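This report describes the architecture of one protein chain for a reader who is new to structural analysis. The sequence and the model are shown first, and the description follows.

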Amino acid sequence: MNREQQRKLRELKKTLPKMLAEKIKPYKFKKRDERVWHVVGDMFFVGTFFVTQTVNDGCMCGMDVEAKPLWIDDLLWDCFRMEDNKKEPFSLRAVGAFTVSGAEIREEYDYLEEWTPEELEKYVDKYLEEFSRIVQAVTIEDFYNNISSSGYHEDLRVSLTLVHDGKSVSYTHLRAHETR
């Protein structure tokens, strides 16, 4: 990657959080840094937006969307005797250290040709529309159907869900779940 490309990438990374702050207003979403979140009923949605270098010195942007029921973090905090976290702002569920990652619902990315804020804005608009559609359509059933979609926190998601649903949790049960 040459110096000009490095400069453009730094500028895009700096621009993205500011751009999101303006773009989310009509949707009434909340954000912190590059993470946008929204609560619908008992479901919590997080969209993580990014701009990054590709392996072939290109540039791409994208969005990953996760969904989780609100009770999953509550149950984790109960286990760790951190019940006070339930009173904290929802941002804790999006960016906090002691939270459970949601089930991956959508992953989308695009390659930037010009590496300009205007080009990035076009994709951010597209991703926010998709995020808006997802938060209105996804249900708890989608969480259960995608519980193993991401290896990150998978065992924790599955274990807490089994506890929540009143089922016993064992190592054998977790391993059996992986083969599905």
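Two strands count as paired if DSSP finds at least two bridges between them. The model discussed here is predicted. Within it, strand E1 (30-32) and strand E2 (residues 35-40) run antiparallel and are joined by three bridges. Lys-31 stands opposite Val-36 in E2.

**The sheet and its helices**

Strands of a sheet pair through backbone hydrogen bonds, either parallel or antiparallel. In this model, five strands form an open sheet in the order E1-E2-E3-E4-E5, and the pairing is antiparallel. E1 and E5 are the edge strands, each of which pairs on one side only. From one strand to the next, the twist averages 20 degrees.

Helix H1 packs on this sheet and touches E1, E2, E3, E4 and E5. The direction of H1 makes about 155 degrees with that of E3. Helix H4 also packs on the sheet, where it touches E2, E3, E4 and E5. The direction of H4 makes about 165 degrees with that of E5.

In soluble globular proteins, nonpolar side chains tend to be buried together. The largest nonpolar core of this model has 39 residues, of which Phe-45, Phe-49, Val-51, Leu-112, Leu-120 and Phe-131 touch the most other members. At least two residues of this core come from each of helix H1 (3-23), strand E3 (43-53), strand E4 (59-69), helix H2 (70-79), strand E5 (103-112), helix H4 (117-137) and helix H6 (154-164). The most is given by H4, with eight residues.

Which residues are in contact with Leu-112, leaving aside its neighbours within four places in sequence? They are Leu-12, Val-51, Cys-59, Met-60, Cys-61, Glu-119, Leu-120 and Tyr-123. Another core, of five residues, lies apart from the largest one; among its members are Phe-44, Val-46, Leu-70 and Ala-94.

Helix H6 has buried residues of several kinds: Glu-154, Arg-157, Val-158, Ser-159, Leu-160, Thr-161 and Leu-162. Just after H6, Gly-166 takes a positive phi of about 80 degrees.

**Salt bridges**

Side chains of opposite charge can pair when their charged atoms come close. The whole structure contains 14 salt bridges. Three of them are listed below.

| Asp-73 | Lys-68 | 2.7 Å |

In the pair of Asp-84 and Lys-87, by contrast, both residues are exposed.

Note on methods
Residues numbered from 1 in each chain as written. Predicted model: local features only at pLDDT ≥ 70, side-chain atom pairs only at ≥ 80, totals over all residues. Heavy atoms only, no water. Core = buried A, V, L, I, M, F, W, Y, C linked by side-chain atoms within 4.5 Å. Buried < 20%, exposed > 50% of the residue type's maximum accessible area, 1.4 Å probe, protein only. Helix = DSSP H or I, 4+ residues; strand = E, 2+ residues; numbered from the N terminus. Contact = heavy atoms within 4.5 Å. Axes fitted to C-alpha atoms, helices over the stretch in contact; angles between N-to-C directions. Salt bridge = Lys/Arg side-chain N within 4 Å of Asp/Glu carboxyl O.
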